[in-house]
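This report looks at a helix, a loop residue and a group of aromatic rings. Please read it alongside the sequence and the structure shown here.

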Amino acid sequence: MEIQIKTFDNLSVTELYDLLKLRSEVFVVEQKCIYLDIDGKDGKALHVLGILEGKIVAYSRIFKAGDYFANTSIGRVVVAKSDRKKGYAKIMMKAAMEHIFNSLKERKIELSAQTYLSRFYTELGFKIVGEAYLEDGIPHRKMIYG
């Protein structure tokens, strides 16, 4: 899987369409969560694309400190249903974290993680902070790296 990190303005129309489609397939349809995925924040984000054979199979977005949370953050972490259990989420997260460390020169990263994925994120070095909460009707945990 090839990783590309792009600003909103550097995404092609096809890439934007494909990443929004992937997010909708998983977060809205598969997870049956009715919410506005197109939240007006994509313009500020860096977009991490996991591309396999010309298709976006994994995705996340990075926000600089203060753009979403107080700390630099990673969100909208998603892998296509047909491509799960292949390690792509870990590859993408490590690439996003390396970009934050090396390009943004930040050491602290914040997540709002779906509770069932807490173990995945702790394996990457994140720690749970505070109590569980509902976000769009799904249990989440605040997690911090660094």
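## Helix α2

In α2, the residues Tyr-88, Ala-89, Met-92, Met-93, Ala-96, Met-97, His-99, Ile-100 and Phe-101 are buried, where buried means under 20% relative accessible area, exposed over 50% and partly exposed in between, with a 1.4 Å probe and protein chains only. The helix covers residues 88-102, and its 15 residues reach 21 Å from the first C-alpha to the last, close to the 21 Å expected at 1.5 Å a residue, the expected span being 1.5 Å times one less than the number of residues. Helices (H or I, at least four residues) and strands (E, at least two) are DSSP runs, numbered from the N terminus.

The model is predicted, so local features need pLDDT of at least 70 and side-chain atom pairs count only at pLDDT 80 or more, whereas totals for chains, interfaces and linings use all residues. Residues are numbered from 1 along each chain as its sequence is written, and side-chain values use heavy atoms, with hydrogens and water left out.

## Asp-37 in its loop

Asp-37 lies in the loop between α1 (13-30) and β2 (46-52), and it counts as buried because its relative accessibility is 4%. Leaving aside neighbours within four places in sequence, Asp-37 is in contact (heavy atoms within 4.5 Å) with Leu-20, Arg-23, Ser-24, Phe-27 and Arg-76.

## Aromatic rings

Six aromatic pairs are found in a search of the whole structure, rings of Phe, Tyr and Trp (its six-membered ring) being paired if their centres lie within 6.5 Å, with planes under 30 degrees apart counted as stacked, over 60 as edge-to-face and the rest as tilted. The pair of Phe-63 and Tyr-68 is stacked, because the ring centres are 5.1 Å apart and the planes are at 20°.
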